[in-house]
2 protein chains.
Amino acid sequence: MQNIVQRLLDGDRRALARMITLIENEVPAAHRYLAELHRHAGRAHIIGVTGAPGAGKSTLVTQLVRELRQREHKIGVVAVDPSSPFTGGALLGDRIRMMELAGDPNVFIRSMASRGSSGGLASSTGDVVRAMDAAGFDPIIIETIGTGQAEVEVMHSAHTVLVVYAPGMGDEIQAIKAGILEIADIFVVSKADKPGADQAAAQLSMLLGLDPNRRKGPWRIPILKTSALKTQGIVEVVDAMQQHLTVLKESGMLAQRAQRQARSEVQALILHAVMQALKTRVSEDEWSALVEAITVGERDPYSVAGELLERIRLREE
Amino acid sequence: MQNIVQRLLDGDRRALARMITLIENEVPAAHRYLAELHRHAGRAHIIGVTGAPGAGKSTLVTQLVRELRQREHKIGVVAVDPSSPFTGGALLGDRIRMMELAGDPNVFIRSMASRGSSGGLASSTGDVVRAMDAAGFDPIIIETIGTGQAEVEVMHSAHTVLVVYAPGMGDEIQAIKAGILEIADIFVVSKADKPGADQAAAQLSMLLGLDPNRRKGPWRIPILKTSALKTQGIVEVVDAMQQHLTVLKESGMLAQRAQRQARSEVQALILHAVMQALKTRVSEDEWSALVEAITVGERDPYSVAGELLERIRLREE
């Protein structure tokens with residue numbers, strides 16, 4: 001069983017697939033394997049692709065993968081759907097377009113869905129990216145299905161975030177709603193063959209003009225137009241992704257970001273362990289009784305928290 | 001020192017002011033006092049008032065307090081500014097209008113500002129509300145200065161959330177940006193004497209029309225217009241607040257909400273204790289060294305998290 005790590009490092013796709021399943025199922029051994037894989041990871045450029053449903057994210061990802069293959073890259077794709085409790089199924093429709101890529105040994109595609117908290121999904125997405133990274137895939141594209149708080153959290157794993165935006169009313173509202181304007185490093189206006197594309201790009205410029213954060217340090221956030229029909233603009237998007245990585249590296253932002261992320265990952269793992277310990281040691285019945293006692297004023301939240309802290313005895317974990 | 005609790009319960013304003021300072025300074029004894037106060041709290045109707053800067057929140061709150069005084073209420077106001085590290089100072093301008101109310105023994109106004117995490121501010125706001133509640137203030141109005149993730153978190157303490165919206169372009173975008181449409185129980189279009197007010201109300205209706213959540217269970221979210229100049233609409237807003245509370249009570253939503261909140265408060269207290277333990281036992285230098293070791297691949301986040309969990313020995317807290 002130990003050699004799953006070695007097989008994965010040797011490029012065995014089935015070992016990688018199996019590792020991802022272990023991560024998704026939160027098998028206790030997964031963290032031990034990931035600890036070993038960590039040493040071999042940290043090399044891949046991680047790209048996030050997000051935007052409202054129907055904005056054309058899957059089409060864009062397919063085109064990006066094709067262009068990156070031309071440039072001799074080995075590409076990992078993680079498609080994340082926080083709104084679906086099922087892995088794979090819900091995404092199948094969108095995935096069909098990517099099937100042509102699935103036979104390519106230099107492309108690895110995996111769908112992930114939520115089971116439980118969005119924080120949990122963000123951390124397991126980070127773990128899946130780590131496994132693909134250790135297996136030699138670079139870049140790794142994380143694609144979300146919709147936009148929301150969970151998607152924004154998932155995007156924290158990415159170095160470069162692409163926000164896809166389709167011409168047509170309502171999209172700008174969707175984009176703002178989820179706070180994804182703030183996390184964008186590159187805007188892509190898709191379906192540029194459609195009539196409203198120039199207007200959409202102009203609208204977006206205006207929105208960005210209102211936003212003092214449209215520059216991120218030394219990086220000026222570009223707005224690029226693409227068209228699936230005319231396979232237009234993809235070269236420019238891939239160039240911008242790579243330029244963004246260069247700027248991150250040269251400015252020292254990549255190193256800072258890695259340190260910030262390492263720290264928040266350690267903290268998240270600790271808090272996750274605490275919540276897990278609570279889950280295993282306090283039954284639902286007991287929770288209900290405690291909560292009832294608090295609401296009627298028999299108990300108070302402070303002493304209950306103190307008592308539960310005693311109980312979880314994290315040292316024995 | 002123990003009798004600060006008794007004096008607060010007896011209606012001593014200075015004891016309440018002192019208690020709030022203890023809460024803000026995170027004095028260890030504060031939780032012990034709050035545990036006692038908890039038994040006497042849980043009676044007040046907690047009202048949140050939020051909206052973009054300049055939307056007219058302070059004016060509205062002043063008018064609400066005046067109308068509630070007419071109805072023989074004893075009112076607490078907590079003005080929260082997550083963006084400011086200073087208590088009081090930053091809010092002074094806005095507060096001046098409320099000075100007329102400050103001499104009234106049946107009105108208690110307090111400003112709070114962030115020191116550290118937004119989660120911390122949300123929980124200390126909850127504690128301040130608990131102290132005011134135990135001191136017999138009802139309703140208690142929580143007013144935020146701006147709108148953002150921190151403000152949304154703060155609003156979780158409220159039973160009834162008023163979102164204030166001023167006529168004029170850009171506000172609808174502000175409102176959506178922070179996700180505050182989702183948390184609104186009552187919309188108030190302020191400055192109804194201005195030309196754009198009807199249009200603003202219509203725009204808002206349209207936005208709500210797009211949102212399937214415009215009803216919250218048995219409660220239909222109203223859009224009310226007010227004018228500071230004509231002191232118009234305030235009676236209707238206060239009536240709507242009270243109707244909302246009645247609906248919450250009769251539908252059983254108030255009880256459910258109290259239980260949900262008790263549970264999440266206990267969990268937040270536990271996680272806060274864990275973070276505090278980390279802060280006291282792991283120095284910044286050690287964090288830097290650990291994080292550096294992780295980023296260069298010498299260490300991995302999983303084993304570091306495990307080691308720190310061992311170290312914080314929560315049982316001895």
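Predicted model: local features only at pLDDT ≥ 70, side-chain atom pairs only at ≥ 80, totals over all residues.
User: Where in chain A is Lys191(A) found, and what is its phi?

Analyst: Lys191(A) belongs to the loop that runs between β6 (186–189) and α11 (197–210) of chain A. Its phi is near 55°, which is a positive value in a residue other than glycine.

User: What makes Glu26(A) count as it does, by its C-beta neighbours inside 10 Å?

Analyst: The term partly exposed covers the range between the exposed limit of 12 or fewer and the buried limit of 20 or more. Glu26(A) has 15 C-beta neighbours inside 10 Å, so it counts as partly exposed. Glu26(A) sits in the loop between α2 (13–24) and α3 (29–38) of chain A, and its phi, near 50°, is a positive value in a residue other than glycine.

User: What kind of peptide bond joins Asp138(A) and Pro139(A), and what is its omega?

Analyst: The bond between Asp138(A) and Pro139(A) is a cis peptide bond, with omega at about 5°. Pro139(A) lies in the loop between α7 (118–134) and β4 (140–144) of chain A.

User: Which residues does a cis peptide bond join in chain B?

Analyst: In chain B, a cis peptide bond joins Asp138(B) and Pro139(B), and omega there is about 5°. Pro139(B) is placed in the loop between α7 (118–134) and β4 (140–144) of chain B.

Terms used. Residues numbered from 1 in each chain as written. Chains lettered and ligands numbered in written order. Helix = DSSP H or I, 4+ residues; strand = E, 2+ residues; numbered from the N terminus.
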